Amino acid sequence: MHAHTRLSFALAALLATGCPAADDDDSAAPTEERAYSAQVRWTSWGVPHIVADDWGSLAFGMAHAHARDHACTLADQMMRVKSEQARWFGRGPNDAHVDSDFGWLGLGVMEQAEAGFSTLEPEVAEALRGYSAGFNAYLAEVGAGGLPSPCRGAEWVQPFDHIDLLAYYLSLGLRGSGGNFLGAVAQASPPDGSRAPRYSNDLSDPEAVAAFEQMMAPIRDPQWGSNGWGIGADDSASGGGLLLSNTHFPYEGELRWWESHLTIPGSINVYGASLVGVTAINIGFNEDIAWTHTVSGTPRFTAYMLDLEPGDPTRYLVGDDYVDMETREYTITVPGFGGDLTEETRTLYRSQYGPVINAPIVGWTEQVAFTFRDANDNNLAMLPTWFGMNKATDLDSFSAAHRDQNGIPWVHTMYADAAGRSWYTDSASAPNLSSAAWDGYDAFVEDNTFASLFADNGAILLPGGDPTYEWVEEPGAREPGLVPFSNAPSLERTDYVSNANNNHWLTNSQQPLVGLDPIFGAEGTSRSPRTRMNLMYLDNVGGSAGEDGQWTLAELEEAAMGSRTSIAELISGQVAARCNALDGSVLAAYPVDSTTVDLTDTCSALATWDGRYALDSVGPPVWREFIGGGDFVRDDVWGDAGGLFAVPFDPNDPVATPNTLAAAPAEGPDPILDALARATKRLTDTGISITAPLGEVQFQQKGDQRHPVIGGREIEGAIAISDFTSASGGPALPRMPQPEVVNATTDLTVDGYAINRGNSFILVTQFVDGAPQSRAVMTYSQSQDADRDSFADQSAEVYGLGTMRDVAFTEEEIAADPNLVVEDLAWP
């Protein structure tokens, strides 16, 4: 089928089609007079293959195609960075929308975009212009009534321009840092009574402590992760490289993936997935190389505690002198009485490091204030770095994109290519502190309650105004004070490299990376159960790569979808044996918590279970409640404490340890069996049968349909992650509902396990005779629009069956697709 569409996105067309205009009457018009044209070939599962002659037209076609699926989410994000949430959705609970609007103004992303656009390389600038033009053209074509179902008819879906889009990219760079402190930036006010603090600074106030921990949760425990493998020639059956990209992102919000294929003949031919609104492939492959990312826990900012001048809390000590904070007034639009729009103005404050914050516990007092310096502030190099990666043809050109642009914001990178080379780096933006700063920091954490509180929440607090703690400038850094690429962790191997969100140390179990800058995290420490499971696969523990230990594409797919779990493989059989050793009468009526529990089915299920979280597996629900139900804490499972394992973690044997089930006490209750009994009772009280397969208990909700989902949780050591998060999405869009919760630590609900985070875009690629072959699945399906077939097709027909599907990459594969639809787009 071949459809032709000519598009105009003049402001008049937007008005005619019913999409309301923004305040700026020129915002919907093209930013410069030029023509765009692209061809979009839609194949099965709603995947667009976009072809154009230049970067502007390629981005135009990408945006137009993307808007069909995710116009709502992208418009929601644009509303946020343009500081218009309160305008469209009111002040929000506890003034959350007002704080968000002022917070983004205080972080300065829009001003940075306005100042920085002219410095971009021509092809990057053209892509930004083309992408905004393509989105606006889509709005002109469909009007508000033709938008995807979540925002159909919504007035807040507005056109945007290239500056807005660049500001959005700058905001994405702050996901691991300043973007988490919008409320704290917006609330910054000196203790002069002009604005009452929202929370107390009292460490004994449980509400304030809880609010601080909630603010820091995305830093301490990010709700996004991944597994990434790059396999080299030595471990490849074909001799070419292989890649596993297994991302664990939310199913909703701006961190959703969107799959596409981008081609400029003779220039670029790249396939993969992008975050909402990004005009490049973030993870994927081209004709020569493949790469993926996993979220890195390396700190992206350092906070500073400022000593204030007595009598003037807007002056702080730098060396031996007090200096003024910088002040700036910002104004936003908010609904007034009767719904009429009005303006609200706040004065926000900055130190030499960055925004001043006023947060729970760490508030602004007469004595101290808190501020932070952000390694991803004004990171204009992000998109150019991904452009370089998209165009790379070998490891030299791929690593050059990291070295020369150095714009990766918060992820590790794994790579494999047709030549059989595999490579890892954590080149993402990081503060560069001196050895003297690290020595002083250790003492500061010991002595300072605030520094200790930050450290417990995954962040660094330093003494402000002391030159010892300034970031160190070194040649080769993208910005002065950042770690240069030459000092970042990296490793090339001919067998494999990998990462599962721990740091660099065990990128390869046979060659631990040591001696790196402390900012990249501790070496020789216990690894997460999921990292251990990844390395068990790659070291061929369990034979996943066959007897020869050389991977094929089919074996890589089985690894991604096979749902092995490290903790179950290590001790579930031992737990079952201890359980089955009970006397029959005790087994049928095990005493715990002033009641008795029948463990017969539980022990039988664990005894025959292979430790996988597959759809037909019997055993995962009770194991989840056993491991994660509250009887064991992180240190028990990681091997830093003795509640679960008899053999503790050993840095000289980090993949195999900890191991062996902890022995039962000589007398009194057995904590292992007690935990198992509580897990059993919790499930049976909820009405879930111990013998129910996982596919009947765990699901994702798509409209009014539920589809089964494989996988487990981080603490269980599952390679395939499935859990629930409330930390995604904004006020504008509907969220997947979570049924009534029975156990918050495992996400058990009255209906089982509802899933909205975890396995998201999964891609496996191998190079055979110099050419890529790939399989993939978008677990939550491609589109946000419930009226499109691609809203739930992969959820039901692919991932819901525990499988993946072919990727059409070559011209022959695209032409042969039975559902091919070709669309020509042009403006004007």
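Trainee: How many helices and strands does the protein have?
Mentor: There are 23 helices and 35 strands. Keep in mind that this is a predicted model.

Trainee: OK, and what is its radius of gyration?
Mentor: The protein has 27 Å. A compact globule of 828 residues would come out near 28 Å, so the two agree. As for the box, the C-alpha atoms fill roughly 80 × 75 × 55 Å along the principal axes.

Trainee: How much of it is buried?
Mentor: Buried residues are 61% of the 828 residues.

Trainee: What about contacts between residues 24 or more positions apart?
Mentor: Those account for 70% of the contacts with a separation of 6 or more.

Trainee: Switching to charge: how many positive and negative side chains are there?
Mentor: I get 45 positive and 114 negative. The centres of the two sets lie 3 Å apart.

Trainee: Now the inside. Which residues have the most contacts in the largest nonpolar core?
Mentor: Trp229, Trp551, Trp623, Phe626 and Leu644, in a core of 235 residues. Helix H2, residues 55–81, gives the most to this core, with 15 residues. In soluble globular proteins, nonpolar side chains do tend to be buried together.

Trainee: Let's zoom in on Phe626. What does Phe626 touch?
Mentor: Leaving out residues up to four places away in sequence, Phe626 touches Val575, Phe632, Leu644, Ile672, Ala675, Leu676 and Ala679. Leu644 is also on the list of residues with the most contacts inside the core.

Trainee: Which residues are in the other core, the one apart from it?
Mentor: That one has 8 residues, including Ala186, Tyr330, Ile332 and Val334.

Trainee: Helix H10 next. Is it enclosed or open?
Mentor: H10, residues 382–391, has 8 of its 10 residues buried, so it is largely enclosed by the rest of the structure. The buried ones are Met382, Leu383, Pro384, Thr385, Trp386, Phe387, Met389 and Asn390.

Trainee: I also want to check the backbone. Where is Pro658, and is its bond from Thr657 cis or trans?
Mentor: That bond is cis, with omega near 0°. Pro658 sits in the loop between strand E24 (645–647) and strand E25 (659–661). A cis peptide bond also joins Trp827 and Pro828, with omega about 0°. Pro828 is in the segment after strand E35 (821–827).

Trainee: What's the phi of Asn406?
Mentor: Positive, about 55°, although Asn406 is not a glycine. You'll find Asn406 in the loop between helix H11 (395–404) and strand E17 (411–417).

Trainee: Why does Asn406 count as buried?
Mentor: Because its relative accessible area is 6%, and buried means under 20%.

Trainee: And Ser563, what's its phi?
Mentor: About 65°, so positive too, and Ser563 is not a glycine either. Ser563 lies in the loop between helix H15 (553–561) and helix H16 (566–580). At 1% relative accessibility, Ser563 counts as buried.

Trainee: Last one: where is Thr691?
Mentor: In the loop between helix H21 (671–686) and strand E26 (698–702). Thr691 is partly exposed, at 44% relative accessibility.

Trainee: What is Thr691 in contact with?
Mentor: Asp601 and Val618, leaving aside neighbours within four places in sequence. Thr691 and Thr602 are 89 residues apart in sequence, and 7.9 Å apart in space, C-alpha to C-alpha.

Conventions: Residues numbered from 1 in each chain as written. Heavy atoms only, no water. Helix = DSSP H or I, 4+ residues; strand = E, 2+ residues; numbered from the N terminus. Rg over C-alpha atoms; globule rule 2.2 N^0.38 Å. Buried < 20%, exposed > 50% of the residue type's maximum accessible area, 1.4 Å probe, protein only. Contact = heavy atoms within 4.5 Å. Lys, Arg positive; Asp, Glu negative; His and termini not counted. Charge placed at Lys NZ, Arg CZ, Asp CG, Glu CD. Core = buried A, V, L, I, M, F, W, Y, C linked by side-chain atoms within 4.5 Å.
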